[in-house]
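Visitor: Please take one part of this model and go through it closely. I would like the local picture and then its setting in the chain.

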Amino acid sequence: MIDGEGKKILVIQTHGVETPRRTYSPLFYAMAAAAMEMDVMVWFTMDGTNQLKKGEAEKVQLDPTSDVTLKTMLEQTMDSGVKLRVCQQSMALWNMTKEDLIPGVEILGATSIIDLALEADHVMYF
């Protein structure tokens, strides 16, 4: 098994609450990488941005027999040390402001994704 400790992983999430089956996996993989002591960031852009709007993640429940919602997954992801960042330009597409975001999310400009991708050891795109 490869030792990934200290590696930088960038996860790009482009799917939003309208495609619930595509919302959980990027967060799960991000938490797995964090558990393997990697430096992990999830970048939300395009439709993925709407996951971070207050009140939206609570509505997404992948397994109806479980109490786990997308909000639960986002909170667990942040608790595991994964950084959540959102594209400022994508927020404009969704008419979102900083006040619309769930706590703990940082806004970065679109050009930041280039720097982040260049600095990362691996990029995962969803």
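Guide: What follows looks at helix 1 and then at the chain around it. The model is predicted. Helix 1 covers residues 24–35, which is 12 residues.

Next, burial. The buried residues of helix 1 are Y24, P26, L27, A30, M31, A33 and A34. What covers them? The cover includes two strands, strand 1 (8–13) and strand 2 (39–44). Helix 2 (70–79) is also part of that cover. After helix 1 comes E37, with a positive phi near 65 degrees.

Now the setting. The chain holds four helices and five strands. Along the sequence they follow the pattern β-α-β-α-β-α-β-α-β. The radius of gyration of the chain is 14 Å, close to the 14 Å from the globule rule for 126 residues, so the chain is as compact as a globular protein of that length. Its C-alpha atoms fill a box of roughly 40 × 35 × 20 Å along the principal axes.

Contacts and surface complete the picture. Of the chain's contacts between residues at least 6 apart in sequence, 73% join residues at least 24 apart. Buried residues account for 42% of the 126 residues. The chain exposes about 7,200 Å², and carbon and sulfur atoms supply 54% of that area. As for charge, the chain has 11 positive and 18 negative charges, and their mean positions lie 4 Å apart.

Note on methods
Residues are numbered from 1 along each chain as its sequence is written. This is a predicted model: local features need pLDDT of at least 70, side-chain atom pairs count only at pLDDT 80 or more; totals for chains, interfaces and linings use all residues. Side-chain values use heavy atoms; hydrogens and water are left out. The expected span of a helix is 1.5 Å times one less than its number of residues. Buried means under 20% relative accessible area, exposed over 50%, partly exposed in between (1.4 Å probe, protein chains only). Contact means heavy atoms within 4.5 Å. The radius of gyration is taken over C-alpha atoms; the globule rule is 2.2 Å times the number of residues to the power 0.38. Accessible areas come from the Shrake-Rupley method with a 1.4 Å probe; for residues, only the protein chains shown count as cover. Lys and Arg count as positive and Asp and Glu as negative; His and the chain ends are not counted. The place of a charge is taken as NZ of Lys, CZ of Arg, CG of Asp or CD of Glu.
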